[in-house]
Amino acid sequence: MDFVTAADGVKLAYDDQGQGAALLCLPGLTRNMDDFEPVLAAYNDRARVIRMDFRGRGASDHADFATYTPMQEAQDVVVLLDHLGLDKVCILGTSRGGLVALMLAVTARARLSGVIFNDIGPDIMGEGLSAIMDYIGKPPAFATLAEAATAMPEAYGRAFRDVPAATWADFVRRIWREDAEGLHLRYDPKLRDAVAPAFAPDFKAPDLWPLFDALDGLPLGLIRGANSNLLACETASEMRRRRPDMAFVDLADRGHVPFLDEPGAQAVIDTVLDQIA
């Protein structure tokens with residue numbers, strides 16, 4: 001793991017391994033680079049897999065929560081690309097990471113060689129947003145990682161089926177940290193304050209479809225969990241209508257978000273990497 005310093009002095013953690021086309025992995029809202037361990041294991045012999053922790057998450061510095069925005073995170077991505085001397089990169093964006101890719105589509109499109117969206121699109125379902133507010137910034141409800149892993153099949157059972165116990169163990173290890181005092185969040189709890197304005201009664205969500213359209217001409221991929229509560233099938237269908245050349249999979253027995261170890265998910269990644277190689 002290495003670090004780069006953003007323009008405002010915030011240290012951003014990243015990991016850079018493998019050889020080949022540059023694949024920048026951007027995690028979800030409260031998540032971190034460890035979510036992309038399956039991608040690193042599967043692709044480090046054919047891609048330069050770069051994993052990044054957004055500010056306030058993982059090993060990156062906590063900052064003023066007002067800077068926890070997709071636009072600022074997109075600026076941080078450009079800082080990392082400049083630091084690494086990369087002219088272009090393909091982004092694999094999980095949830096929030098895909099929104100950051102949309103920001104880059106209009107602020108730094110020349111730096112993109114392609115984009116793969118993991119269960120995210122220009123429209124976001126209210127059901128999924130409400131689910132996020134149910135847990136974001138709150139202490140873990142479990143005493144140990146082992147207890148948490150045992151509880152996951154019931155907690156996620158409606159959306160995720162046929163998940164091996166080892167996968168759930170990896171999942172909880174990536175989102176929580178355990179020490180003698182119990183489990184701890186691996187992100188700044190003030191992230192809740194950063195997203196709270198989106199739930200105000202007078203909040204009007206921005207139209208992100210023009211940002212998606214700005215990706216015209218770039219190789220695209222879309223991975224959707226068939227049981228997703230964040231990316232509606234209608235939104236995925238509209239994305240495909242606008243970009244019929246986009247690689248796509250709708251993963252059975254997966255919700256928000258797929259683990260990226262699924263053969264169907266990796267087939268989408270394969271297709272996009274082949275197009276940019």
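The legends below describe close-up views of a predicted model.

**View 1. The largest pocket and its lining.** By residue type, the lining of the largest pocket divides into 25 nonpolar, 11 polar and seven charged residues.

**View 2. The second largest pocket.** About 770 Å³ of space lies in the second largest pocket, which is lined by 25 residues, with Leu99, Ile124, Leu129, Ala198 and Phe203 the closest to its centre. The elements that give two or more residues to the lining of the second largest pocket are helix 3 (96–107), helix 4 and helix 7 (191–195). This lining divides into 20 nonpolar residues, three polar ones and two charged ones.

View 3. Within helix 5, the residues Leu145, Ala148, Ala149 and Met152 are buried. When the helix is seen down its axis, these buried residues fall within an arc of 100°, and they therefore line one face of helix 5. The face turned away from this buried side carries the exposed residues Ala146, Thr150 and Glu154. Among the elements that cover the buried residues of helix 5 are helix 6, strand 7 (176–179) and strand 8 (182–185).

View 4. The structure holds 11 aromatic pairs, one of which joins Tyr156 to Phe160 in an edge-to-face arrangement, at 5.8 Å centre to centre and with 80° between the planes. Phe160 also pairs with Trp168, and because the planes of these two rings stand at 70°, with their centres 6.0 Å apart, this pair is edge-to-face. Tyr156, Phe160 and Trp168 belong, together with Phe171 and Phe259, to one aromatic cluster.

View 5. Tyr156 has a relative accessibility of 30% and so counts as partly exposed, a class that lies between buried, under 20%, and exposed, over 50%. Phe160, by contrast, is buried, with a relative accessible area of 6%, and Trp168, at 4% relative accessibility, likewise counts as buried.

Definitions and conventions
Residues numbered from 1 in each chain as written. Predicted model: local features only at pLDDT ≥ 70, side-chain atom pairs only at ≥ 80, totals over all residues. Heavy atoms only, no water. Nonpolar A, V, L, I, M, F, W, Y, C, P; charged D, E, K, R; others polar. 1 Å grid on protein atoms, 1.4 Å probe; cavity = no way out; pocket = protein on both sides within 12 Å on 5 of 7 lines; lining within 4 Å. Points joined across faces, edges and corners; volume = space filled by probe spheres on them. Helix = DSSP H or I, 4+ residues; strand = E, 2+ residues; numbered from the N terminus. Buried < 20%, exposed > 50% of the residue type's maximum accessible area, 1.4 Å probe, protein only. Arc of directions from axis to C-beta. Contact = heavy atoms within 4.5 Å. Phe/Tyr/Trp six-rings, centres within 6.5 Å; stacked < 30°, edge-to-face > 60°.
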